[in-house]
Amino acid sequence: AIECCISLSQIYLAENVTRIASTASVSCTRIKRIEVSESNHVYDSRNACNAIIETESNRLVIGCTATVMPDSIRKIGMCAFSNAGFKEIEIPYGVDVIEVGAFQDCNRLEKVGLPETLKCIKRVAFTGCSHLKYIDLPKQLVEIGDDAFGFTGLKEITIPKSVERVGEKAFVKCRYLKKVDCTDGLKEIGSYAFAACERLASFVVPKTVEKIGDSPFAACTSLC
């Protein structure tokens, strides 16, 4: 209902709202204030956090540039911060899943702090974050979803030994990516996982890898 309302600056959620679509606020880039009625039994905006949180699951559904994430949240919802204008963000300890497109196309984002509790980064979670140059992946991370970091500005990445799968196109067209450190533990490299990373000069496939998809290094012109 409010998707692509580029002039929208505030959201107030009344007490009778019980369902919010996953992409409700996509491209609403000017939102600065979010508030939920204290009488709403499904959603809340605890601690004046400038976000909408699903109370039972502690899942952050809609956020904005002004959001201060409470320590009590456990999931960052689908497209929750898509197109947001912040330069850095710290995701609190306790969050275990970053869902599909949660930070997609946050093209001003330069720095992300990920908690050690994080286990899964879903599909297109950070794709299009063109100014994101470095990110430390936590040691408990199990899966990097399809196209999770595609079209970002990453220069290097260390994939922890806890990661079992790097998804299809996970790092596609990361034009500045020069170095990938990948240790034993990885089981699957998806199709086109590192395709068109034109500055990537070397990659050692861990001995634990059991499955490699189609052309994971296609158009990596610096690979010997």
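**Figure 1. Contacts and overall fold of the chain.** Residues 24 or more positions apart account for 22% of the chain's contacts with a separation of 6 or more; a contact means heavy atoms within 4.5 Å. This is a predicted model, where local features need pLDDT of at least 70, side-chain atom pairs count only at pLDDT 80 or more, and totals for chains, interfaces and linings use all residues. Residues are numbered from 1 along each chain as its sequence is written, and side-chain values use heavy atoms, with hydrogens and water left out. The chain has zero helices and 16 strands. Helices (H or I, at least four residues) and strands (E, at least two) are DSSP runs, numbered from the N terminus. The C-alpha atoms fill a box of roughly 60 × 30 × 25 Å along the principal axes. Of the 224 residues, 49% are buried. Buried means under 20% relative accessible area, exposed over 50%, and partly exposed in between (1.4 Å probe, protein chains only).

**Figure 2. The aromatic pair F126 and F149.** The count of aromatic pairs is ten. Rings of Phe, Tyr and Trp (its six-membered ring) pair if their centres lie within 6.5 Å; planes under 30 degrees apart are stacked, over 60 edge-to-face, and the rest tilted. F126 and F149 are stacked, at 5.3 Å centre to centre and 0 degrees between the planes. F126 sits in the loop between β10 (120-121) and β11 (143-144), and F149 in the loop between β11 and β12 (156-159), so the pair ties together parts 23 residues apart in sequence. F126 is buried at 0% relative accessible area. F149 is also buried, at 0%.

**Figure 3. The aromatic pair F171 and F194.** These two rings are stacked, 5.2 Å centre to centre with 5 degrees between the planes. F171 belongs to the loop between β13 (165-166) and β14 (179-182), and F194 to the loop between β15 (188-189) and β16 (211-212), so this pair ties together parts 23 residues apart in sequence. Both residues are buried. One aromatic cluster includes F126, F149, F171 and F194.

**Figure 4. The nonpolar cores.** A nonpolar core is a set of buried Ala, Val, Leu, Ile, Met, Phe, Trp, Tyr and Cys residues joined through side-chain atoms within 4.5 Å. The largest has 53 residues; I76, F103, F126, I144, F171 and F194 touch the most other members. Strands β12 and β14 give two or more residues to this core. Apart from it lies another core of eleven residues, among them I20, Y43, I52 and I62. Beyond four places in sequence, the contacts of F194 include I159, V166, F171, L177 and F217.

**Figure 5. The cysteines C174 and C197.** The chain has zero disulfides; a disulfide is a pair of cysteine sulfur atoms within 2.5 Å. For C174, the closest cysteine sulfur is that of C197, 4.9 Å away and too far for a bond. C174 is buried at 0% relative accessible area. C197 is buried at 0% as well.

**Figure 6. The surroundings of K122.** K122 lies in the loop between β10 and β11. At 34% relative accessibility, K122 is partly exposed. Not counting residues up to four places away in sequence, K122 touches V97, I98, E99, V100, G145 and A148. The C-alpha atoms of K122 and A201 are separated by 27 Å, and these residues are 79 apart along the chain.
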